[in-house]
Amino acid sequence: MSKFLESIKKAVEHLQNEEKALAVSDRKDEANIVKIKINIYNICSTVYQVFESRGNDCSKAYIAKLDDFKKNWETSLAKAREHEDVEQALIEEIKLETLEKIKKSYYNYCK
C-alpha cells in the first residue's frame with residue numbers, strides 16, 4: 001500500500017473514532033460533519049486505487065478527477081448560497097475543505 005493510501009487510512013480511522021465519540025456524547029450534528037469528511041476520504045481513496053490499478057500515469061488523471069470534484073462542489077456551493085440553503089452550503093464547504101487536505105497529502109506523498 002502506498003504511503004498516500006496509508007495516510008488516508010489513518011485519517012479515516014481517526015475520523016471514525018472522532019465520529020463515535022461525538023455520537024456517544026449526543027453531538028449528532030458534529031458527528032454528521034465528520035461522516036461527510038470520512039465519505040470524501042473514502043471517495044478519494046477509491047478513485048486513487050482505480051487509477052493506480054490501470055497502470056497509467058496516476059498523478060495527472062487523479063488530480064484531474066479531484067479538480068472535477070472541486071468544480072462540481074463549488075457549483076453546488078454557489079447554488080446553495082443562492083438559495084440560502086445554509087445546511088447544503090455547509091456540506092459543500094466541508095467537502096471542499098476535506099478535498100484540499102487530501103490534495104495536499106497527495107502532493108506530500110506522491111510528488
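The legends below describe views of one predicted model.

View 1. Helices (H or I, at least four residues) and strands (E, at least two) are DSSP runs numbered from the N terminus. The order of elements from the N terminus is α-α-α-α. The C-alpha trace spans about 45 × 35 × 20 Å along its principal axes. Of the 111 residues, 36% count as buried, meaning under 20% relative accessible area with a 1.4 Å probe, protein chains only.

**View 2. Helix 1 (residues 3-24) packs with helix 2 (residues 28-54).** The angle is about 160° and the axes are 9 Å apart; axes are lines fitted to C-alpha atoms over the stretch in contact, and angles run from 0 to 180 degrees between N-to-C directions. Helix 1 is therefore roughly antiparallel to helix 2, a term for angles over 145 degrees.

**View 3. Residues of helix 1, including Phe4, Leu5 and Ile8, meet residues of helix 2, among them Tyr41, Tyr48 and Glu52.** Contact means heavy atoms within 4.5 Å. The residues of this contact divide into 13 nonpolar, four polar and six charged.

**View 4. Ser7 is in helix 1.** Ser7 counts as buried because its relative accessibility is 15%. A polar atom of the Ser7 side chain lies 2.6 Å from the backbone oxygen of Phe4. Leaving out residues up to four places away in sequence, Ser7 touches Ser105 and Tyr109.

Residues are numbered from 1 along each chain as its sequence is written, and side-chain values use heavy atoms, with hydrogens and water left out. Local features need pLDDT of at least 70, and side-chain atom pairs count only at pLDDT 80 or more, while totals for chains, interfaces and linings use all residues.

Definitions and conventions: Parallel < 35°, antiparallel > 145°, perpendicular 65-115°, else oblique. Nonpolar A, V, L, I, M, F, W, Y, C, P; charged D, E, K, R; others polar. Buried < 20%, exposed > 50% of the residue type's maximum accessible area, 1.4 Å probe, protein only. Polar contact = N/O pair within 3.5 Å; in protein donor to acceptor, adjacent residues only side chain to side chain.
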